[in-house]
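User: I am new to reading protein structures. Can you take me through one, feature by feature?

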Amino acid sequence: MSVPFKFNGTMLVPLILEAEKRNAFKQGSRARSRKVSKEHSEFESIYIGLIGEYAVAMTFGILPSAENHRGGDGGVDLKLLDGRSIQVKTTCTTDYLIFNKDARDLTSELAVLVKLRTPCSGEIVGWITAEGYREKRTSRDFQYGSRWVVHADALNPMETFTVHADEYRDDSEDLTNP
């Protein structure tokens, strides 16, 4: 079962500013664009990715990264407290977790699929381990080259991710009262 999310205007402003900051950094560093979508600008693609990352981070109490990386983040969007890495893939149109068949294949230990329904809401669809991804992935061509994909139906339900993530969370330390 997926987990719905919705951002209000107050929550969106920092995301828009962060997307603009990353877009400016990318333009300033003259990094080659790897965006595939012809429907979205570079800024919109960055914003869509940030919405997904922040939805997962806020839902599961994970700190999002605000770092800019020349040439990308190396496939690590979030980290659990135990150090395991998460790659968040956000889509507006498909029910597939999609990775390139090159160095941008899944390099994190976990992957999460997020689907946007509106510019400020959507659902966290499911998750998979890197091992599960390699076992379940198939090849599919979306008219812009062959990609590795896992259909949403083959992902683990998000309620099991909560348990999975909580196994490694140290709730004994109260982070709100330093």
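Analyst: We go from the overall layout to sheets, then to single residues and rings. This is a predicted model, where local features need pLDDT of at least 70, side-chain atom pairs count only at pLDDT 80 or more, and totals for chains, interfaces and linings use all residues. Residues are numbered from 1 along each chain as its sequence is written, and side-chain values use heavy atoms, with hydrogens and water left out.

User: How many helices and strands does the chain have?

Analyst: Helices (H or I, at least four residues) and strands (E, at least two) are DSSP runs, numbered from the N terminus. Here there are four helices and eight strands. Read from the N terminus, their order is β-α-α-β-β-β-β-β-α-β-β-α.

User: What share of the residues is buried?

Analyst: Buried means under 20% relative accessible area, exposed over 50%, and partly exposed in between, with a 1.4 Å probe and protein chains only. Of the 178 residues, 39% count as buried. The accessible surface of the chain is about 10100 Å², and carbon and sulfur atoms hold 53% of that surface. Such areas come from the Shrake-Rupley method with a 1.4 Å probe; for residues, only the protein chains shown count as cover.

User: Now the sheets. In what order do the five strands of the open sheet stand?

Analyst: Two strands pair if DSSP finds at least two bridges between them. The order in this sheet is 1-6-5-3-2, with mixed pairing. Strand 1 (3–6) and strand 2 (78–79) are the edges, each pairing on one side only. Further in, strand 3 (residues 85–91) and strand 5 (residues 110–118) are parallel, over six bridges. To find one spot there, look at T90: it stands opposite V114 in strand 5.

User: Which strands does helix 2 lie across?

Analyst: Axes are lines fitted to C-alpha atoms, for helices over the stretch in contact, and angles run from 0 to 180 degrees between N-to-C directions. Contact means heavy atoms within 4.5 Å. Helix 2 (residues 42–60) lies across strand 1, strand 2, strand 3, strand 5 and strand 6 (121–129). Helix 2 runs at about 130 degrees to strand 3.

User: What is the strand order in the open sheet of three strands?

Analyst: The order is 4-8-7, and the pairing is antiparallel. Strand 4 (96–100) and strand 7 (138–141) each have a single partner strand, so one side of each has no neighbour in the sheet. Neighbouring strands here are turned by 45 degrees against each other on average, direction ignored.

User: How many bridges join strand 4 to strand 8?

Analyst: Five bridges join this antiparallel pair. Strand 7 pairs with strand 8 (residues 146–151) over four bridges, also in the antiparallel sense. Elsewhere in strand 8, S146 stands opposite D141. The hairpin of strand 7 and strand 8 has four residues between the strands, and Q143 there takes a positive phi near 75 degrees.

User: Is strand 4 largely enclosed or left open?

Analyst: Strand 4 is largely enclosed by the rest of the structure, because four of its five residues are buried.

User: Where does D105 lie, and which residues does D105 contact?

Analyst: D105 sits in the loop between strand 4 and strand 5. With 15% relative accessibility, D105 counts as buried. Leaving aside neighbours within four places in sequence, D105 is in contact with F99, N100, Y133, R137 and W148.

A polar contact is a pair of N or O atoms within 3.5 Å; within protein, one must be able to donate a hydrogen and the other to accept it, and residues adjacent in sequence count only if both atoms are side-chain atoms. The side chains of D105 and Y133 form one, at 2.4 Å.

User: How many aromatic pairs are there?

Analyst: An aromatic pair is described by the distance of the centres and the angle of the planes. Rings of Phe, Tyr and Trp (its six-membered ring) pair if their centres lie within 6.5 Å; planes under 30 degrees apart count as stacked, over 60 as edge-to-face and the rest as tilted. The structure holds six such pairs. In one of them, F5 and F7 have centres 5.6 Å apart and planes at 65 degrees, so they are edge-to-face. F5 is buried at 10% relative accessible area, and F7 is buried at 4%.

F60 and F161 are edge-to-face too, with centres 4.9 Å apart and planes at 75 degrees. F60 lies in helix 2 and F161 in helix 4 (residues 158–166), so this pair ties together parts 101 residues apart in sequence. F60, W127 and F161 form one aromatic cluster.
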